[in-house]
Amino acid sequence: MQWVVATAAFFASAVEFVEAFTIVLVVGVTVNWRSALLGALAAAATLALLVATLGTALVQWVPLDVLRTVIGTLLLLFGLKWLKNAIMRYAGLKARHDEQAIYEEKRAELRAREAVDVSSSRFDLFGFLLSYKSVLLEGLEVAFIVITFGLSAATSAVSRSSGIASAALGALAAGLLVILVGALVRVPLANVPENTLKFIVGIMLTTFGTFWLGEGFGVEWPLSDVFLLVLAAIYLGAAFSLIVWLKRVKKQQRAQATIENQSTPTTVQKQEVNP
Amino acid sequence: MKIIKAIYNFIVGDMVILIGIALTVLVLALINNVGALGPLRGLSGPVLIVGVLTSLVATLSREAFSPDR
């Protein structure tokens with residue numbers, strides 16, 4: 001069992017599962033549970049098929065160095081996107097992802113359609129498709145993380161299948177935890193610190209992406225695998241500095257906007273007095 | 001075209017990050033494959049880290065100083 005890979009996959013997948021769970025919950029509550037669960041199950045089956053075929057093909061046919069370079073690049077792109085969004089949310093430049101707001105918005109959308117009898121267990125195509133689409137899209141990100149982390153973790157001592165299995169177990173644990181907690185509380189998981197999770201995952205993906213891309217280009221990192229911690233520390237330090245800087249920039253922009261707003265009415269008043 | 005856009009949005013969705021990482025990979029490829037740049041091979045790791053950090057700073061600066069904000 002590769003614990004680092006499993007943990008990384010767990011955190012990354014938990015965020016996606018919370019997002020998918022919110023939509024399935026709103027379909028279940030607003031349309032009916034039959035359509036919501038059938039949509040979620042159909043999406044899970046599609047994802048399993050994708051991972052099985054794509055994962056197996058990659059495991060069998062592509063050389064390890066090529067995989068490390070391609071996957072390192074993809075992880076960097078993916079990780080920087082998450083890190084950028086998390087930094088912007090911390091700095092107040094972007095609204096925090098609010099599951100409660102998404103829940104209410106989707107609920108209003110569904111209610112705006114023709115009245116649906118919630119107590120009926122009749123299959124509803126719209127509810128099914130909405131549930132299917134959300135689970136498939138969020139699940140694709142989970143599948144991507146599982147395959148890339150699993151494959152990149154492979155070394156001479158650890159087989160690629162073992163890496164994928166560890167990452168898949170991490171994702172499965174996250175999925176089960178989200179479903180269990182969600183089933184118990186039956187409300188959108190708004191208290192999950194989603195931005196913190198995305199920030200941690202962004203740092204992890206960027207760290208692993210840098211490490212593996214470097215290895216793909218023949219870089220021999222000092223201290224070997226321990227250098228992952230050094231990379232994580234570098235990116236953490238940079239991220240915190242960027243948050244502080246962006247907060248200052250935002251404060252300055254606000255102050256400037258306030259001054260401009262205060263000066264505008266004075267000009268109008270003068271114009272009114274002296275037509 | 002729609003499929004390409006969907007894949008782009010799914011993987012990165014940010015042109016500055018994409019260009020930054022592509023340039024970094026290009027520089028690393030040149031360092032590793034052009035004989036004249038052989039002496040720089042020892043600097044591949046630092047070049048990669050600086051490339052990643054520069055891409056992050058560039059995309060955040062773009063967002064912070066965007067006229068739409």
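In this predicted model, Phe240(A) is part of helix α8 of chain A, which spans residues 227-273; helices here are DSSP runs of H or I with at least four residues, numbered from the N terminus. Phe240(A) counts as exposed because 12 C-beta neighbours lie inside 10 Å, where exposed stands for 12 or fewer other C-beta atoms within 10 Å of the residue's own, with C-beta atoms placed from the backbone. Between Phe240(A) and Ala42(A) there are 198 residues in sequence and 41 Å in space, C-alpha to C-alpha.

Residues are numbered from 1 along each chain as its sequence is written, and chains are lettered from A in the order in which they are written. Local features need pLDDT of at least 70 and side-chain atom pairs count only at pLDDT 80 or more, whereas totals for chains, interfaces and linings use all residues.

Elsewhere in chain A, the axes of helix α3 (residues 64-91) and helix α7 (residues 194-216) come within 6 Å and cross at roughly 150 degrees, the axes being lines fitted to C-alpha atoms over the stretch in contact, with angles from 0 to 180 degrees between N-to-C directions. The two helices, α3(A) and α7(A), are therefore roughly antiparallel to each other, a term for angles over 145 degrees.

As for confidence, chain B has a mean pLDDT of 87, with 97% of its residues at 70 or more, on the predictor's scale from 0 to 100 for each residue. Within chain B, helix α1 (residues 2-11) has the lowest confidence, at a mean of 74, and helix α3 (residues 44-64) the highest, at 93. For the complex, the predictor gives an ipTM of 0.90 and a pTM of 0.71.

Definitions and conventions: A residue is buried if 20 or more other C-beta atoms lie within 10 Å of its own, exposed if 12 or fewer, and partly exposed in between; C-beta atoms are placed from the backbone. Angles under 35 degrees count as roughly parallel, over 145 as roughly antiparallel, 65 to 115 as roughly perpendicular and the rest as oblique.
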